[in-house]
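Thanks for coming. Please look at the structure first.

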Amino acid sequence: MTDQTNRSNYGCLYVVATPIGNIEDISLRAINTLKEVSLIAAEDTRHSQRLCQHYAIGTPMISLHEHNELARVEQIAEKLAQGQSIALISDAGTPLISDPGFKLVRELRNKGHKVSPIPGPSALITALSVAGIATDSFSFFGFLPAKSSSRSQKHQELVNRVETLVFYESSHRILASLIDAAEIYGNRRAVIARELTKTFETVLDGSLSELIESVKQDDNQTKGEFVLIISGQEKSKQEQKFDSKQLLSELLKELPPNKAAKIAAKLTGEKKKDLYHLALELK
Ligand code: SAM
């Protein structure tokens with residue numbers, strides 16, 4: 001718990017969401033806040049200049065990016081203590097979501113400063129809103145690793161998760177990334193949401209292999225910014241997996257792994273090879 005008492009004269013850090021493409025996707029409160037604060041801390045001041053010019057926001061800006069974030073804390077804390085309010089923005093969407101700001105917010109909160117959100121777009125929520133994949137439960141993993149082997153390892157860790165899986169992916173890796181995902185998740189339903197709210201917005205859905213084909217056939221589908229959404233494992237399959245594990249454990253008390261796997265495969269309909277590997281793990 002941090003102490004927020006006797007701070008009524010202090011300013012506030014507003015964490016302000018900005019558009020992820022279409023410049024009109026910004027709230028009136030966000031525009032007014034950006035006009036009224038003493039200072040805007042922006043990930044890239046040149047990039048954010050366009051937004052400020054469009055909405056006639058004349059507030060001075062300083063840069064706040066992953067390399068100077070901690071160094072800015074004292075400077076920002078001092079201004080807040082003087083009663084000035086400050087807005088934090090990133091290049092696109094909600095700051096802190098795969099963007100700088102987490103360390104600043106953590107440090108300011110630890111010092112007892114007021115931090116308040118001005119909500120708006122975020123690519124992951126925007127993508128989920130049109131994907132048609134279950135949203136009652138989902139996990140967001142940010143950017144997938146750049147190396148194929150690390151990506152596959154990440155997917156392997158997640159293959160039994162039942163909730164919807166959401167990732168950010170870059171244009172030069174989208175095809176390789178889909179191919180890696182298909183090897184682990186098989187033909188699960190997935191969505192690639194590209195260039196959301198922009199001119200070339202495309203939302204492709206289908207099995208992972210269908211998506212690979214669509215991307216291979218149209219080079220444009222590898223351009224721009226992407227959210228990749230993969231449906232979670234069907235609950236029935238998870239329950240079945242649990243049953244196979246129980247069944248194998250019992251069979252292994254009486255039989256060697258290959259025989260136990262053979263019988264378990266007959267009873268569950270699962271692949272003998274997979275069950276054999278599971279049997280070796282259980283042994
Ligand atoms: N802070 C942002 C947010 O709230 O979504 C995310 C910033 S992160 C550095 C940029 C990544 O978000 C892109 O590489 C892409 O994966 C995703 N993204 C951002 N804008 C997008 C858009 N218009 N369409 C699809 N994906 C987008």
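The second largest pocket holds about 670 Å³ of space. A volume here is the space filled by probe spheres set on grid points, which are joined across faces, edges and corners. A pocket is an open set of points on a 1 Å grid over the protein atoms alone, where a 1.4 Å probe fits, with protein on both sides within 12 Å along at least five of seven lines; lining residues have an atom within 4 Å of a point.

Some housekeeping. This is a predicted model, where local features need pLDDT of at least 70 and side-chain atom pairs count only at pLDDT 80 or more, while totals for chains, interfaces and linings use all residues. Residues are numbered from 1 along each chain as its sequence is written, and side-chain values use heavy atoms, with hydrogens and water left out.

Back to the second largest pocket. Its lining has 32 residues, and I20, D91, A92, G93 and E225 lie nearest the centre. Helix α2 (45-54) gives the most to this lining, with four residues. Helices are DSSP runs of H or I with at least four residues, strands are runs of E with at least two, and both are numbered from the N terminus.

Where does the ligand sit? The ligand sits in the second largest pocket, meaning that more than half of its atoms lie within 2 Å of the pocket's grid points.

Around the ligand there are 19 residues, and D99, S122, A123, Y168 and F226 come nearest; a residue counts if one of its heavy atoms lies within 4 Å.

Now the polar contacts, pairs of N or O atoms within 3.5 Å. The side chain of Y168 has an N or O atom 2.7 Å from a ligand oxygen. For A123, a backbone N or O atom is 2.8 Å from an oxygen of the ligand.

Note on methods. Polar contact = N/O pair within 3.5 Å; in protein donor to acceptor, adjacent residues only side chain to side chain.
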